[in-house]
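Here is a short report for a reader who is new to this structure. Take a look at the sequence and the fold, then read on.

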Amino acid sequence: MITGGAGFIGSHLADFLLHKGHEIIVFDSLDPQVHHGRNLPPDYLSKQVKFIHGDVRNSEQLAESLQDIDVVYHLAAAVGVAQSMYQVQKFIDVNSHGTANLLDVLINKPNHVKKLIVASSMSIYGEGSYNCPTCKKIVNPKVRQFVTEKTKDWEYSCPICQNKLIPFPTRENKPADCSTVYALSKKEQEDLCMMIGKTYGLNTTVLRFFGTYGSRQALSNPYTGVCAIFSTALLSNNRPIVYEDGNQSRDLIHVKDIVQALNLSMERSESKHEIFNVGTGKSVSISEVATILSNALGKKIHPEISYKFRSGDVRHICADISKISEKLGFKPQYSFSEGISELIPWIKEKFILNGGNIVDNSVKAKLELEKKGLI
Ligand SMILES: NC(=O)c1ccc[n+]([C@@H]2O[C@H](COP(=O)([O-])OP(=O)(O)OC[C@H]3O[C@@H](n4cnc5c(N)ncnc54)[C@H](O)[C@@H]3O)[C@@H](O)[C@H]2O)c1
Ligand SMILES: [Zn+2]
């Protein structure tokens with residue numbers, strides 16, 4: 001069963017697992033923000049899956065659907081870092097309480113589930129790790145809460161020698177530093193699943209996805225990944241809005257590589273009760289993302305570098321993927337430019353199918369954040 005399987009990542013996972021001969025149940029509430037109020041599963045979802053229109057907060061629906069299941073992928077979630085900061089209840093309800101409910105059903109109702117794989121997020125780390133070349137030390141700074149208009153000093157300095165710190169791959173043992181409600185709810189999902197998994201001997205694996213992109217990502221949802229947001233703006237002939245100076249960086253991973261990690265977690269016994277980063281181990285700056293997408297879409301539109309600080313945003317984060325590589329044999333297959341070449345034809349087709357109408361909600365989202373004092 002894939003909870004949230006009608007979404008971006010879950011639907012790609014379903015395709016992959018079907019191809020391998022598995023039988024799949026997709027359990028999804030069709031959240032209106034993602035599915036635009038449709039009551040039917042999206043067209044891209046394979047007709048070979050059994051679709052259940054259900055909510056992870058509903059015990060009866062879950063208990064009934066789980067009866068013949070041996071592996072649960074728990075992907076259902078309210079997704080959106082910035083949005084979670086003004087919809088606190090929704091995010092805690094769906095992500096934390098939904099997961100608690102799933103666990104209650106797994107331990108109290110009849111089922112044969114042997115494996116639970118949970119989608120977590122890099123956002124639980126807050127800021128990535130850094131290296132001070134002078135002190136030869138790894139530093140884990142706290143997320144910036146506020147960068148003043150005057151200083152605009154985006155980069156971190158070493159607390160000991162004051163020299164500039166250099167971004168360094170983040171390992172799974174970096175302590176969590178949740179700066180958003182979304183992150184907090186993902187950490188709670190991790191902790192709940194691991195605790196219950198270990199207590200009841202339910203083989204559990206947590207995967208911390210880094211920024212994921214690819215076809216089927218909800219384009220009109222202004223709170224999803226940066227590639228979807230920028231592409232939507234560009235297709236609408238708007239300039240992508242870049243916060244800070246554009247040199248902040250992320251580890252962006254193609255959805256098919258995420259699927260590889262999800263599958264390895266099911267197939268490899270070494271995944272039992274482990275937490276893994278799932279990224280590429282390489283980073284790209286946000287300005288570069290805007291430029292690469294603009295070129296790929298054949299647009300001559302430069303991003304709008306806003307020099308504004310968005311509350312809770314991290315400056316640099318990149319995954320250390322040695323653990324998942326060594327234990328599960330994970331190896332990302334897509335560089336950023338290769339991944340983009342899968343994304344672009346899909347976006348263009350969607351744009352044409354919609355008669356050139358893809359709603360660019362990013363300006364509205366920016367105004368919303370400004371109104372709430374979060375920018
Ligand atoms: N996309 C990323 O960059 C990224 C990064 C890190 C972690 N993740 C995690 O991966 C998972 C999948 O994300 P995605 O990008 O595919 O998002 P998505 O929004 O495309 O998919 C999530 C799905 O969950 C469903 N859903 C929402 N609330 C539900 C509920 N109460 N009951 C049942 N279904 C519900 C939605 O309808 C949607 O189909 C999420 O847990 C997310 O937190 C995603
Ligand atoms: Zn130093």
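## The zinc site

Along the chain, the donors of the zinc ion (ligand 2) follow the spacing C-x2-C-x22-C-x2-C. This is a predicted model. The protein donors are Cys 132 (SG), Cys 135 (SG), Cys 158 (SG) and Cys 161 (SG). They lie 2.2 to 2.3 Å from the zinc ion. The 4 donor atoms subtend angles of 101 to 115 degrees around the zinc ion (ligand 2), so the arrangement is tetrahedral. Four donors count as tetrahedral if all angles lie between 85 and 135 degrees.

Cys 132 has 0% relative accessibility, so Cys 132 counts as buried. Cys 135 has 25% relative accessibility and therefore counts as partly exposed. The cut-off for buried is under 20%.

## The antiparallel sheet

Strands S7, S6 and S8 form an open sheet of 3 strands, in the order S7-S6-S8. The pairing is antiparallel. Strand S7 (137–139) and strand S8 (166–168) stand at the edges. Each has a single partner strand, so one side of each is left without a neighbour in the sheet. On average, neighbouring strands of this sheet are turned by 40 degrees against each other, direction ignored.

Strand S6 covers residues 129–132. S6 pairs with S8 in the antiparallel sense, over 3 bridges. Ser 129 stands opposite Phe 168 in S8.

## The parallel sheet

Another open sheet holds 7 strands. Their order is S3-S2-S1-S4-S5-S9-S14, and the pairing is parallel. The edge strands are strand S3 (50–53) and strand S14 (274–278). Each of these two pairs on one side only.

What joins strand S4 to strand S5? There are 4 bridges between S4 (residues 71–74) and S5 (residues 115–121), and the two strands run parallel. Val 71 has Lys 115 in S5 as its bridge partner.

A helix lies across part of this sheet. Helix H7 (residues 255–267) lies across S4, S5, strand S9 (203–209) and S14. Helix H7 runs at about 165 degrees to S9.

## The annotated domain

UniProt places the feature "domain: NAD-dependent epimerase/dehydratase" at residues 1–130, in an unreviewed entry. Over residues 1–130, the chain is 34% helix and 18% strand. The end C-alpha atoms of residues 1–130 are 38 Å apart.

How values were computed. Residues numbered from 1 in each chain as written. Chains lettered and ligands numbered in written order. Predicted model: local features only at pLDDT ≥ 70, side-chain atom pairs only at ≥ 80, totals over all residues. Heavy atoms only, no water. Pairing = 2+ DSSP bridges. Contact = heavy atoms within 4.5 Å. Axes fitted to C-alpha atoms, helices over the stretch in contact; angles between N-to-C directions. UniProt positions renumbered as here; feature names shortened; annotations may be inferred. Donors = N, O, S within 2.8 Å, 3.2 Å for Na, K, Ca; no water. Tetrahedral: all angles 85-135°; square planar, octahedral: opposite > 155°, others 65-115°. Buried < 20%, exposed > 50% of the residue type's maximum accessible area, 1.4 Å probe, protein only.
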